[in-house]
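Colleague: Before I use these labels, I would like to see what stands behind each of them. Please take me through them.

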Amino acid sequence: MVIELPARPRKAGRRKYKPPADPRFRIFISDSGWNAVARRVLRHNSALIRRLHKEELIYLLSRKKSVEFIGRHRSLIGRDPIIAVHDLQAMGGRGTARCHGFHLHLGILRTPRQALVALQTFAHFVGAYRHSANLEADIRTGLHRDGYAGRRRDPSS
């Protein structure tokens, strides 16, 4: 079972969830239950992530679906919760034969601070690059420029 997360939790008397008109990214959250630290950070911040990225499609896989997915991709065992981001703009131009996006493996992080910083960096990245005409080229240019300067990459620059 795959559950699509609305931008806001629905309350009595509110309109039914309507998917965003022009999403750039499709975001999947998979959690089979391994890492309690990362899982707790993700759970406490999921509403904020939904509000910050209400223009994107966000799906929460059930625990059963998450276990099935990880069972088919054994290299991911012990790395969840995982946030998988698909760039719909890149997929539309070249199909789905190649990978267009990235995975954030929160389960490899051991402290709440590490998990929170990774989640914040993810949220910043998705927001900063949402309107990029060529996401891959922009990232490579920034990494190349920052590599010469010897500094860490900030997606907003």
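Modeller: Start with a polar contact: the backbone nitrogen of Lys65 lies 3.1 Å from a polar atom of the Ser62 side chain. This is a predicted model, in which local features need pLDDT of at least 70 and side-chain atom pairs pLDDT 80 or more, while totals for chains, interfaces and linings use all residues. Residues are numbered from 1 along each chain as its sequence is written, and side-chain values use heavy atoms, without hydrogens or water.

Colleague: What makes a pair of atoms a polar contact?

Modeller: Two N or O atoms must lie within 3.5 Å; within protein, one must be able to donate a hydrogen and the other to accept it, and residues adjacent in sequence count only if both atoms are side-chain atoms.

Colleague: Why is Ser62 called buried?

Modeller: Buried means under 20% relative accessible area, exposed over 50%, and partly exposed in between, with a 1.4 Å probe and protein chains only. Ser62 has 15% relative accessibility, so Ser62 counts as buried. Ser62 sits in the loop between β3 (57–61) and α2 (63–72); helices (H or I, at least four residues) and strands (E, at least two) are DSSP runs numbered from the N terminus.

Colleague: Why is Phe102 called partly exposed?

Modeller: Phe102 has 25% relative accessibility, and therefore counts as partly exposed. Phe102 belongs to strand β5 (residues 101–105).

Colleague: Which residues does Phe102 touch, not counting those up to four places away in sequence?

Modeller: Ile83, Ala84, Val85, Phe122, Phe125 and Val126; contact means heavy atoms within 4.5 Å.
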